[in-house]
Amino acid sequence: MHVLQNLASTSSRRGFLKAGLASGFVLAFRLPVYAVNEPDQPPDSTEGQFAPNGFIRIDHSGNIALVMPQVEMGQGVYTSFPMILAEELEADFSKVSYVHAPPNEKLYANPFFQIQVTGNSNSIRAFWKPLRVAGASARAMLVQAAAQQWQVEPASCTASKSVVTHAASGRSIGYGELVDAASSVPVPANPQLKDPKDFTLIGKPLKRLDTPIKTDGKAIYGIDAMLPNMKFATLAQCPVFGGKVAHVDDSAAKKVAGVQQVLVLDNFVAVVGDHMWAAKKGLEALVVTWDEGPNAKISSADIWADLRAASKKDGVVAKEAGDIAKGLTEGDRYEGEYEMPFLAHATMEPMNCTVHLTPGACEIWTGTQVIARVQSTAAKVANLPVEKVTVHNHLIGGGFGRRLEPDMVESAVRIAQHVDGPVKVVWTREEDIQHDVYRPVYRDVISATLKDGKIAAWKYKISGSAIMARWAPPVFQNGIDIDAVDSAVDQPYDIPNLSVEYVRAEPPAVPTGFWRGVGPNNNVFAIECFIDELARKAGKDPIDFRRGMLGKNPRLKAALDLVAEKSDWGKPLPARVGRGVSAQPSFASFIATVVEAEVDEEGDVHLRRVNSVVDTGIAVNPDTIMAQIQGGIVFGLSAALWGEVTIANGRVQQSNFNNYRILRMDEVPKIEVHVVKSGEDPGGIGEAGATTSIPALRNAIYAATGVALRRMPIDRKALAVKA
Amino acid sequence: MRKILLVIVVILILAAAAVWHIFIYGPMAFASGSTVALADYHGANPTGVPASLANADLIKRGKYLTRAADCLVCHTKPGGDRFAGGLAIPLPFGALYSTNITSDKETGIGNYSDAEFLNAVQRGIRRDGTRLYPAMPYTSYTYITDADALAIKAYLFSLPAVHQENRVDTLAFPFNQRWSMAFWSFFLSANARFAPNSGQSPEWNRGAYLAEALAHCGECHTPRNLAFALDNRKKFAGALTAGWHAYNITPDKGSGIGAWSDDQVAAYLSQGHAANHGTAAGPMAEAVDEGMSMMPPEDIHALVTYLRSVPAVASSEPATLAPPAPEAPKAGVVADALGKKVFEQACASCHSWSGESAISPFATITGARAINDPAATNVAQIVISGTQRHTPDGVVSMPSFGSTFSDKEIAAVVNYVTARFGSEKSAVTAKEIADLRKQTSY
Amino acid sequence: MTTLTINGESKTFDAPDDMPLLWVLRDILGMTGTKFGCGIAQCGACTVHIDGRPVRSCLLSIGSIGNKAITTIEGIGATPAGAKVQKAWLDLEVIQCGYCQSGQIMSAAALLASNDHPDDADIDAAMSGNICRCGTYVRIREAIKSAAGEA
Ligand code: FES
Ligand code: FES
């Protein structure tokens, strides 16, 4: 397969002089010897191309460039989107290439959100129809152009592999030759979409287009942006949230070789140098006194005390069915309270942003999930009209929700305001972990009654941050955060009397944001844990118990049945080894997972095996789906085992991978994912694995030890065998 | 109550018993030759600052002496203001907190007169007349000359005053009875200024002053007797202090530093690292970084001369140090799956499977005393707390893993590395790791 | 001036001796394939080979390298083990975001160069210092075995 390495580094694209050694010693050695590298974006003008919509660009040579409205962060969208487009376009898939979309909300807004955003596992769901229509209409126009040329009926022509053929006359013509003629064909309003049974690309486990350049160092992430005469900076924000710089002694820092500037910018200090090493060393040499402000005393204990108090209040009713008051008086009543900690994203690629500010213009190089927001943020800080800000998006070295925020752009532009020429701002890992936008702490309180072995009533109250209220204020209506209640208001079980309440409780000072799995991560955890506890009360097998309440959810029931089979559910296990199950319909994908784990005498947990069955509707690229679920499961297991950001004296106590532990090769179990064949519309897949694995592991521990953990991460002490 | 009184009586009797022992045997008693009052000594002045600073102003000289006496390390809490105190020193019967020694008048020592300052430093008596606990090493500082102590005071008073209340100690009865320290001091602290030994070289005398009066090496490296006083008959033979093992630094060939070259000793003192002998961590790292790293070569050599002169005492550590382990993970010690797991996750990247770091000599563990110590106290400590070294080339650090790994995992990796890289495998338990966590200053 | 041999080419530049190789590669030589992830040898993203052994370049001072041969992700495809690993990585579709994968490939290539048929314990020993936040570990293990199978 021929893949254009269009996101890879290219040399001298801007004709930058390579100041190599050949130029001799006279050239100042401070001059960097690298070439410019930046990702491809579609050219501003589409002249001479067939560009029927925002997504498709065909030139006279027949090269097809597809413009990606959603950004690639590992989820495979730079393969699945081209597959969908090429499927309907009948393009030769081996010859398509893709480019990052520029900021342009008219052309590239996510239909689910009306802004340019990659998140919430909805790239395929949101663009499934628009991309198919875009591909189909372009194909129809090309066919129409050929038919006109041949004076035949368009219906008598076929398109395949970038060629239109009129079988009756044996004539055929390539897309490249049709560029001009097709450009004047009107765009059809309702193009004929292909029948899924005729799909030749969709549903095949095709090789990803973005991976070859990720094996040889050529892929360019935001952190790899390189510009001539670029300087490098790193920063330290006040360790206490909301604090400011009081005083800086930079005498030692300025003596560090390669340090150019020390900037004191209100809430952070930055050091600008010839390279990151100089900047980093310079930063370490600064003696900064912080004005820690009012948050200097905040600790995790206070935050939890506040949240627990808030969760006692009445919430706003987000959903009600049946008669909850009556239902709660019937049968045996049980209570459960579940708590989720703050979590950092810890994307492998630390936060970074490169900025070149010139009078009247600003150019940005970064990898972001919200390119238009990056543009408007930069415009605001630089006090420029939005159109004067150019943003080059890049491959993302891990998003997980962190790059839904533009804070790294804001600080980088503020630094650039004091720097002559382009400056790349890279955060240290410590800064990245201590100044994240954290997955909020949540507390969920459930009261339920059991009658005749089934759940008669279920009163569920969620307390925690309303991320939406900050991130997308118009979406926050009537006191309900649709993210915080996601998967709670639409839980899958047949429960006659149901109520879901939400209490907005913002932690003081700690910024909160979206984290892989978003709202469902919290709610599926609480629901699936409590369901397991109720199953035990009812004296039922956890899978049977769930199956009995999935009458209106045949897809999830089928997934449960299959995972029971694949995981050897019910086969005997040694002492202190257990299997735990979790089922969820979140993100429009139906997933059932079984984790098998062992708990040793000291309470340490050892993972043995994971089986997951996923019905996500039409699987555009089944191999990517498997990979996403595998990876998501690992992501969730790290969080369940160890993930917690704690606060003391207003600051985050974790700082790097030595104290923010991530699952590693030698403790990852075998993970088998089974993708169910389905003709339903595609569901979301990027986050579901992270959501499903946490309760499944917790339930495995419950099965192994009888200890019903109710907060994450796992408390080893609670699991140790008491002496 | 009666029980407690009994405890005090027993302590006092024990102290009295130890008294004679001690009085006859001070920290420099091992040396031949006779001592003379400083004023009567004819050699180069062994006290004060090195020649290069002889003409410096009082504050500069005070700064040198303050660093040599290592005041900062105890009188600053992690992340706190310099000299403002607050470091917790955990003891089996509660915690002591170091005090604010900035010139703040309300919370620091801003109101101390010269005489009051000397009384505190040399005799362990505070301005209000209460007694200091010997965690403040006034039993060593007593040898500091008045002039030097007052130079230290001048330096401290030249720094910004920090208003920070002292924290209240949490010692349990009877240990919270500060008056009892009067007896302790009376019996166990010499209250005598440094007296040069005319039978030893000027270099030796300078080394003795640096080691005994200022750097107070013995406070960590000399074992203590039942009355908590230094047992100078086993001078520098190694002891456990604040959860760290301060190793035998006598010239014993096997368990001490007799096999080290003078250059290696000098390098260790001035850089906290000597080729093939590992890297200082914990309190020794702080003593190097905050103190000895700024000493000129003549002072370092004086220290080496002095160290070389103390009697060799054998201690229980293995005499032979293990050679590098094989490079292949499967060769060498392979037992202990959990220990291997932690090592391959968190340690191998820096320390290599051979123990000879491919990254930095500072990270080479082959040959280090700590790794060859089957008690493995320091290995466990450094895994728990990490270390941050401030070298002339910048910061060299090992991250802490105490909050990441469980007691069981830490015990396993400690036993794995002592087996793989040391001469004898340790047998640390999870319970011991839990206890060790409680002994470190914070 | 310092001269280093990187992927068989001699490169001369001006940088302090204590500067870690990672930043020389990325910021002075513009070889951005080697990644920064933690700066404390805990993630493996910055792995290069020094005389064939995997080393974390984020803590490796250039002053200590001398004339040893440095191989980076940009050059690893020229070694037999590196080429096998790259191919297996694509065959098994290991990669997600890809940011950790330069380091993963370098660690795996070093493993295969020294051990034709690594078993699970060997893979654990060689690969557990490399974090993948996307969680590609299962496929990494399979890909290493597949690359070894082609030996
Ligand atoms: S950046 Fe070097 S190991 Fe993480
Ligand atoms: S592929 Fe994303 S971190 Fe490994």
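Tutor: Let's settle the bookkeeping before the charges. Lys and Arg count as positive and Asp and Glu as negative, while His and the chain ends are not counted. Each charge is placed at NZ of Lys, CZ of Arg, CG of Asp or CD of Glu. Keep in mind that this is a predicted model.

With that, here's chain C. There are 12 positive and 16 negative side chains in chain C, and the centres of the two sets sit 4 Å apart. What pattern does chain C follow along the sequence? Chain C runs β-β-α-β-β-β-α-α-α-α, which gives 5 helices and 5 strands. As for overall shape, the globule rule gives 15 Å for 151 residues and the radius of gyration of chain C is 15 Å, so chain C is as compact as a globular protein of that length. If you want a box for it, the C-alpha atoms fill roughly 45 × 30 × 25 Å along the principal axes.

How much of chain C is tucked away? Of its 151 residues, 66% count as buried. The accessible surface is about 4,100 Å², and carbon and sulfur atoms own 49% of that.

Chain B has 16 helices and 6 strands. A compact globule of 442 residues would have a radius of gyration near 22 Å, and chain B has 22 Å, which agrees. Its C-alpha box, again along the principal axes, is roughly 65 × 55 × 45 Å. Here 56% of the 442 residues count as buried, and the accessible surface comes to about 18,800 Å², with 60% of it belonging to carbon and sulfur atoms. Among contacts in chain B between residues at least 6 apart in sequence, 68% join residues at least 24 apart.

After helix 10 of chain B comes G272(B), whose phi is positive, near 70 degrees.

Chain B also touches chain A. The contact takes 12 residues from chain A and 14 residues from chain B. The size of an interface is often given as the accessible area lost when the parts come together. For chain A and chain B the buried area is about 1,200 Å², with carbon and sulfur atoms giving 40%. On the chain A side, N658(A), R661(A) and D666(A) supply 43% of the area buried against chain B, more than any other three residues.

On to the inside of chain A. Helix 10 of chain A, residues 407-416, has 8 of its 10 residues buried, so this helix is largely enclosed by the rest of the structure. The buried ones are M408(A), V409(A), S411(A), A412(A), V413(A), R414(A), I415(A) and A416(A).

Two of those names come back when you look at V374(A), which lies in helix 9 (residues 371-382) of chain A. V374(A) is buried, with a relative accessible area of 1%. M408(A) is 34 residues from V374(A) in sequence and 9.3 Å away in space, C-alpha to C-alpha. Setting aside neighbours within four places in sequence, V374(A) contacts V409(A), along with I364(A), T366(A), T368(A) and V391(A).

Last stop: A296(A), in the loop between strand 11 (287-291) and helix 7 (300-310) of chain A. Buried or exposed? The cut-off for buried is under 20% relative accessible area, and A296(A) comes in at 13%, so it counts as buried. Beyond four places in sequence, A296(A) is in contact with V240(A), N649(A) and G650(A). K319(A), on the other hand, is 23 residues from A296(A) in sequence and 39 Å from it in space, C-alpha to C-alpha.

Conventions:
Residues are numbered from 1 along each chain as its sequence is written. Chains are lettered from A and ligands numbered from 1 in the order in which they are written. This is a predicted model: local features need pLDDT of at least 70, side-chain atom pairs count only at pLDDT 80 or more; totals for chains, interfaces and linings use all residues. Side-chain values use heavy atoms; hydrogens and water are left out. Helices (H or I, at least four residues) and strands (E, at least two) are DSSP runs, numbered from the N terminus. The radius of gyration is taken over C-alpha atoms; the globule rule is 2.2 Å times the number of residues to the power 0.38. Buried means under 20% relative accessible area, exposed over 50%, partly exposed in between (1.4 Å probe, protein chains only). Contact means heavy atoms within 4.5 Å. Accessible areas come from the Shrake-Rupley method with a 1.4 Å probe; for residues, only the protein chains shown count as cover. Buried area is the accessible area (1.4 Å probe) that two parts lose on being put together, summed over both.
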